[in-house]
Amino acid sequence: MTKPAITFALLFTLVITFINVSRSASNVFNVVSFGAKPDGVTDSTAGFLKAWQGACGSEASATVVVPKGTFLLKAITFGGPCKSKITFQVSGTVVAPADYRVFGNSGYWILFNKVSKMSLVGGTFDARANGFWSCRKSGQNCPPGVRSISFNSAKDVIISGVKSMNSQVTHMTLNGCTNVVVRNVRLVAPGNSPNTDGFHVQFSAGVTFTGSTVQTGDDCVAIGPGTRNFLITKLACGPGHGVSIGSLAKDLKEDGVENVTVSSSVFTGTQNGVRIKSWARPSSGFVRNVFFQNLIMKNVQNPIIIDQNYCPSHQGCPTDRSGVKISGVTYKNIQGTSATQQAMKLVCSKSNPCTGITLQDIKLTYNKGAPATSYCFNAAGKSLGVIQPTSCLNR
């Protein structure tokens, strides 16, 4: 008895399936296949770069795979634009050279430049900055340090499930980017790491930072000039210096910051909660349409602060009046404990007073038992609901 012949339809299906499987396999670029070694000792920079170049040149969507293991990576730039969507999938750990001097004055460890429609998913990135921090603390002549993961001029990017450890100066940076979602990341360094920012954004629009934990030595989130439409939500911050807009007025001609929301977040043991800071210098910059809402402060030194005489060194400070105009800032439903008696401090410019400040449903107590206080200088606005400590705003 003869077997029935394979139908044309079945044959066609099998061929198409084979083609799709082959195509899918050809669009996966495993860094190990390009010479990277998961031993934590061998320099894998060339292997990573070759895998990226293959993915970037792919006509169809491609995936760069970093499997389990530890990979040593020197300063590297993943350049775009690429031909199609790229997923950079990291299952292992990527470590920087232990000798910080290897980076020289590069400013970057891992840089994604001019990429679009890209996802960075998973993985641990350890910059191993202990030597660099020791150099800084000793007052030696140190290099400027490098940012761990940076995106320059990027568009339509998703960063998810990434852990960055022990960054030299900043864990994650967005510069000149549009439409970026950062979710469920952990940025971790000791609380005494010098000037180590968590997440830094500047000259960028349409950024969402959500569901993340930042424990570091400087700002959990630093918001620089030219930032617009930035949403921070479900942030766990501490240790660190809180969420800061600024410092601004570094330059006379400077882009402003607008449409920023910080919501549903917790600050624990931080130097500041939500802060706006500018140098006392002339500037074309501004801060407007900012919403700080639904926040919990736990033993925070300065839960609510505007400082337009910012000068951290307290030496050679500018004595001019800040040109940065601050307006339309709302503080709503902010509760918890202050580590200092002055729980609210709004110090605004003599020449450009803060206007349109709204305090609504504020309850901050001094954790030493005495009543908390507030201090305002050149700050005008309105108070709604229960305000504790008592509002000091000018009407």
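How many positive and negative side chains does the protein have, and how far apart do the centres of the two sets lie?

## Charge

The protein has 37 positive and 16 negative side chains; Lys and Arg count as positive and Asp and Glu as negative, with His and the chain ends not counted. The centres of the two sets lie 5 Å apart, each charge being placed at NZ of Lys, CZ of Arg, CG of Asp or CD of Glu.

## Basis

This is a predicted model, in which local features need pLDDT of at least 70 and side-chain atom pairs pLDDT 80 or more, while totals for chains, interfaces and linings use all residues. Residues are numbered from 1 along each chain as its sequence is written, and side-chain values use heavy atoms, without hydrogens and water.

## Overall build

Three helices and 32 strands are present (DSSP runs, H or I of at least four residues and E of at least two, numbered from the N terminus). Of the 395 residues, 49% are buried (under 20% relative accessible area, 1.4 Å probe, protein chains only; exposed is over 50%).

## Helix α3

In helix α3 (residues 130-138), Phe132, Trp133 and Cys135 are the buried residues. They line one face of the helix, because they fall within an arc of 155° seen down its axis (from directions between the axis and the C-beta atoms). Asn130 and Lys137, on the other side of α3, are exposed. Glycine 139 follows α3 and has a positive phi, near 80°.

## Threonine 227

Threonine 227 sits in the loop between β20 (221-223) and β21 (228-233). Its relative accessible area is 0%, so threonine 227 is buried. Beyond its neighbours within four places in sequence, threonine 227 is in contact with Val201, Gln202, Phe203, Ser204, Gly256, Val257 and Glu258 (heavy atoms within 4.5 Å).
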